[in-house]
Amino acid sequence: MRVPERILTAFVVIVMAGLVLVPTAQVIMRGVFVLPFIGAEEFTRFLLICLIFCAYPLVVENGENIVMGEFKAAMPKRLRGIVNWTISITAIGATGFIAYVTATNISKNLTNATPTLGIPFWIFLGATLFGFAGAALIHLLHLRKPPQADTNIAV
């Protein structure tokens with residue numbers, strides 16, 4: 001595992017821990033101390049968004065996204081190569097487009113924030129931009145050698 005991948009993995013693990021700890025703290029605060037944890041729902045939602053989108057490039061890098069490996073393994077080698085190439089090109093276009101749209105939305109909503117905690121809107125969408133731009137870059141790198149081409153699936 002390369003250094004950037006380790007750093008991103010560590011960040012995702014920390015976010016996941018926060019995603020578990022914040023609702024747990026809310027339950028304890030309300031149940032034991034009868035004190036509200038103001039903004040816990042909003043912060044949990046924020047952590048969930050960050051977790052999903054920041055982890056997306058890791059999923060793509062490791063070839064763990066849905067690739068219908070058994071179906072492709074039944075195809076002739078040449079057709080399988082064409083399908084892999086088509087999937088990569090389509091994925092680059094889709095993730096690149098979503099990253100572009102997200103960047104456009106961020107630039108139009110720089111002053112907006114969440115109602116309870118005041119988390120800037122660009123932070124929410126920043127995770128989305130990071131995830132899709134990172135996935136587009138990784139899909140671009142996979143054009144040379146898709147990870148699913150390495151798997152030997154017995155049919």
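Trainee: Where does the largest share of the lining of the second largest pocket come from?
Mentor: H5 supplies it, with five residues. A pocket here is an open set of points, on a 1 Å grid over the protein atoms alone, where a 1.4 Å probe fits, with protein on both sides within 12 Å along at least five of seven lines; lining residues have an atom within 4 Å of a point. This is a predicted model: local features need pLDDT of at least 70 and side-chain atom pairs 80 or more, while totals for chains, interfaces and linings use all residues. Residues are numbered from 1 along each chain as its sequence is written, and side-chain values use heavy atoms, without hydrogens and water.

Trainee: Which helices each supply at least two residues of that lining?
Mentor: Helices are DSSP runs (H or I, at least four residues) numbered from the N terminus. Here they are H1 (3-31), H2 (40-61) and H5 (121-142). The lining includes Arg2, Glu5, Pro57, Glu61, Phe130 and Leu141. By class, it has eight nonpolar, one polar and three charged residues; Tyr, Cys and Pro are among those counted as nonpolar, Asp, Glu, Lys and Arg are charged, and Gly is among the polar ones.

Trainee: At what angle do H2 and H5 pack?
Mentor: Axes are lines fitted to C-alpha atoms over the stretch in contact, and angles run from 0 to 180 degrees between N-to-C directions. H2 and H5 pack at about 5°, with axes 8 Å apart, and are therefore roughly parallel (under 35 degrees). Their contact (heavy atoms within 4.5 Å) includes Phe46, Phe53 and Pro57 of H2 and Phe124, Phe130 and Ile138 of H5. It has 15 nonpolar, five polar and one charged residues.

Notes:
Parallel < 35°, antiparallel > 145°, perpendicular 65-115°, else oblique.
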